[in-house]
Structure formats: C-alpha cells, structure tokens
Amino acid sequence: MRRVPVDAPRMRGYSYAFDAQSDTSPPKTMMTTATSLQLRDNIAPGTWFLHVRACNADGQWGPAGHVKVVLEARATDKPGELR
C-alpha cells in the first residue's frame, strides 16, 4: 500500500485530454475529481496520448503529464468459428 505524506498537497480535481498529439496541455478547467478514467470503447486503433493535469486545494494547476497509449486492431471472431 502506498502512503501519502501528511504534508502532501491535496488535489481538488483534474482536467484531461485524449488525442493523437504528444504535447497537448489540458485546459485549466476542472473536469473530474475522480482518480480514475474510463475512455469510450470505440476508439480507433493507433497511437494516442492521455494528458492529465491536477489542481491542488489552493486552486493552483500543475503541469500536464502525458502517457502514450497504443491500441491495436483485433480480428473479430466469425460466428461459429472455432479457434
């Protein structure tokens, strides 16, 4: 279990973007307070980037963090086909 230091800044919320650019900076607009995100399930295969920035309890926005996400195409099963 990860312990958060007592003096660690508390996060008020987050903003995020999901696109094909490696350096997008999400807006300084609160989009969620959740610490997890579920993306839609109809995203095309390819290389994408998730960009996140946090706002602390004092209303100060931090820099954007970027994570590369590679989605690969899957062959769909044909009805009745055994593998």
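Leaving aside neighbours within four places in sequence, His-51 is in contact (heavy atoms within 4.5 Å) with Ser-15, Tyr-16, Ala-17, Phe-18, Asp-19, Gln-21, Ser-22, Asp-23, Thr-24, Pro-26, Gly-65 and His-66. The model is predicted: local features need pLDDT of at least 70, side-chain atom pairs count only at pLDDT 80 or more, and totals for chains, interfaces and linings use all residues. Residues are numbered from 1 along each chain as its sequence is written, and side-chain values use heavy atoms, with hydrogens and water left out.

His-51 lies in strand 2. Its relative accessible area is 0%, so His-51 is buried. Buried means under 20% relative accessible area, exposed over 50%, and partly exposed in between, with a 1.4 Å probe and protein chains only. The His-51 side chain also reaches the backbone oxygen of Thr-24 at 3.4 Å. That is a polar contact: a pair of N or O atoms within 3.5 Å, where within protein one must be able to donate a hydrogen and the other to accept it, and residues adjacent in sequence count only if both atoms are side-chain atoms.

**Overall layout.** The protein has zero helices and three strands. From the N terminus on, the elements run β-β-β. Helices (H or I, at least four residues) and strands (E, at least two) are DSSP runs, numbered from the N terminus. Of the 83 residues, 19% count as buried. Among contacts with a separation of 6 or more, 56% come from residues 24 or more positions apart.

**Further along strand 2.** Asn-56 lies in strand 2 as well. Asn-56 is buried because its relative accessible area is 17%. Its side chain reaches the backbone nitrogen of Asp-58 at 2.9 Å. Ala-54 is another residue found in strand 2. Leaving aside neighbours within four places in sequence, Ala-54 is in contact with Met-11, Gly-13, Tyr-14, Gln-60, Trp-61 and Gly-62.

Arg-10 sits in the segment before strand 1. With a relative accessible area of 51%, Arg-10 is exposed.

| Pair | Apart in sequence | C-alpha to C-alpha |
|---|---|---|
| Ala-54 and Gly-65 | 11 residues | 9.1 Å |
| Arg-10 and Cys-55 | 45 residues | 8.7 Å |
| Asn-56 and Gly-13 | 43 residues | 7.1 Å |

**An aromatic pair.** Rings of Phe, Tyr and Trp (its six-membered ring) pair if their centres lie within 6.5 Å; planes under 30 degrees apart count as stacked, over 60 as edge-to-face and the rest as tilted. By this rule the count is one aromatic pair. The rings of Phe-18 and Trp-48 have centres 5.6 Å apart and planes at 15°, so this pair is stacked. Phe-18 lies in strand 1 and Trp-48 in strand 2, so the pair ties together parts 30 residues apart in sequence. Phe-18 and Trp-48 are both buried.

**The largest pocket.** About 160 Å³ of space lies in the largest pocket. On a 1 Å grid over the protein atoms alone, a pocket is an open set of points where a 1.4 Å probe fits, with protein on both sides within 12 Å along at least five of seven lines; lining residues have an atom within 4 Å of a point. The lining consists of Tyr-14, Tyr-16, Thr-32, Ala-34, Thr-35, Ser-36, Leu-37, Leu-50 and Val-52. Strand 1 (11-19) and strand 2 (46-56) each supply at least two residues of this lining.

Key: Points joined across faces, edges and corners; volume = space filled by probe spheres on them.
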